[in-house]
Amino acid sequence: MIRNSTNLRKTAVVTALFALVACMTFEATAQQRPVVDTMSKAQRQRQYEAYLTNAYPVYDGQSVPVKTRKVKGLAAPGVDQYLSVKTNMLYWLAAAPNLELEFHVGRHFSIAASGLYSYWSYTSDDRSTKYSMNTVAARPEFRYWFSDSRAKKSHVLGVYGTWSDFDMMFDGTGYQGTSLGGGISYAYYLPVKRHWAFEFGVGVGYLRNEYDKYQWDEQQGQNVFQESVKDNYIGPTQLKVTAIYRIGNKK
């Protein structure tokens, strides 16, 4: 009876040791077993885009391989952009306030409309030199973006129309009339922060100009008509160094 009890205890101890070794072996094997990623490339891309467009994302550091763009040591993730408010800084150098609104349609297209107004004059103390600019201009444009995200650098191509009504004088010679035309444009888009970007561009096209030329007469104290001119122009029609504020959804 005592021998049977001793054999039972030995059997129980051996069984317990075998179970412990089996559990440890299974746990080690489970840790070494590679994790199978069942997420498709398209699903991962959609999850990554959702992260970029989320104003306050929760990221666990594993599910999405986030690659942020560094600008002066700061990350600049994108927004789900639908509108850009822009101004051409070169026109401000000529004291010509201007504003452009660009509506983004899908990932690769946008529609823009810009306007300019300028009204100023300058006459030297001895009245020998006279400059003035009274101009109103408008320009619609349809654009194609090579990048599918406004958070990325991109080349941009566009087709635009342009109209202006002007009365300008340079060193006593004035031009008053209208201009109508259109052309193609190229720009390089450079985002710098979450909502800010710059754009550098040029436009080449055709202009039909109809204007009256006049000369300032100091003795008479008034402008004197010279001639009426109608001409056609083909060449550069715009130059842009644009500051952009990007507006987007926060999901």
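Are E100 and K240 buried or exposed, and what does that say about where they sit? Both E100 and K240 are buried. Keep in mind that this is a predicted model.

## Salt bridges

Side chains of opposite charge can pair when their charged atoms come close. In this model, the count of salt bridges comes to 12. One of them joins the side chains of E100 and K240, at 3.7 Å from N to O. E100 belongs to strand β4 and K240 to strand β10, so this pair ties together parts that are 140 residues apart in sequence.

Since E199 lies in strand β9 and R143 in strand β6, the bridge ties together parts 56 residues apart in sequence.

How exposed are these partners? R143 has a relative accessible area of 1%, so it counts as buried. E199 is buried as well, with a relative accessible area of 1%. Salt bridges with shared partners join K86, E100, E102, R139, E141, R143, E199 and K240 into one network.

## The largest pocket

The largest pocket has a volume of about 790 Å³. Its lining takes in 33 residues, and Y91, L116, A137, S164 and T237 are the ones nearest the centre. Strands β3, β4, β5, β6, β7, β8, β9 and β10 each give two or more residues to that lining.

Which element gives the largest share of the lining? That would be β7, with six residues. Sorted by type, the lining has 15 nonpolar, 13 polar and five charged residues.

## A nonpolar patch outside

On the surface, a nonpolar patch includes F109, F142, Y186 and L239, and the whole patch has about 970 Å² of accessible area. Strands β5, β6 and β9 each supply at least two of its residues. L157, another member of the patch, lies in strand β7 and is partly exposed, with a relative accessible area of 41%.

## Two loop residues with positive phi

A95 has a phi near 55 degrees, a positive value in a residue other than glycine. You'll find A95 in the loop between α3 and β4, and at 41% relative accessibility A95 counts as partly exposed.

D171 also has a positive phi, near 55 degrees. D171 sits in the loop between β7 and β8, where it is partly exposed at 47% relative accessibility.

Notes:
Residues numbered from 1 in each chain as written. Predicted model: local features only at pLDDT ≥ 70, side-chain atom pairs only at ≥ 80, totals over all residues. Heavy atoms only, no water. Patch = residues over 30% accessible without salt bridge, like charges linked within 9 Å, V, L, I, M, F, W, Y side chains within 5 Å. Areas by Shrake-Rupley, 256 points an atom, 1.4 Å probe, with all protein chains shown as cover. Salt bridge = Lys/Arg side-chain N within 4 Å of Asp/Glu carboxyl O. Helix = DSSP H or I, 4+ residues; strand = E, 2+ residues; numbered from the N terminus. Buried < 20%, exposed > 50% of the residue type's maximum accessible area, 1.4 Å probe, protein only. 1 Å grid on protein atoms, 1.4 Å probe; cavity = no way out; pocket = protein on both sides within 12 Å on 5 of 7 lines; lining within 4 Å. Points joined across faces, edges and corners; volume = space filled by probe spheres on them. Nonpolar A, V, L, I, M, F, W, Y, C, P; charged D, E, K, R; others polar.
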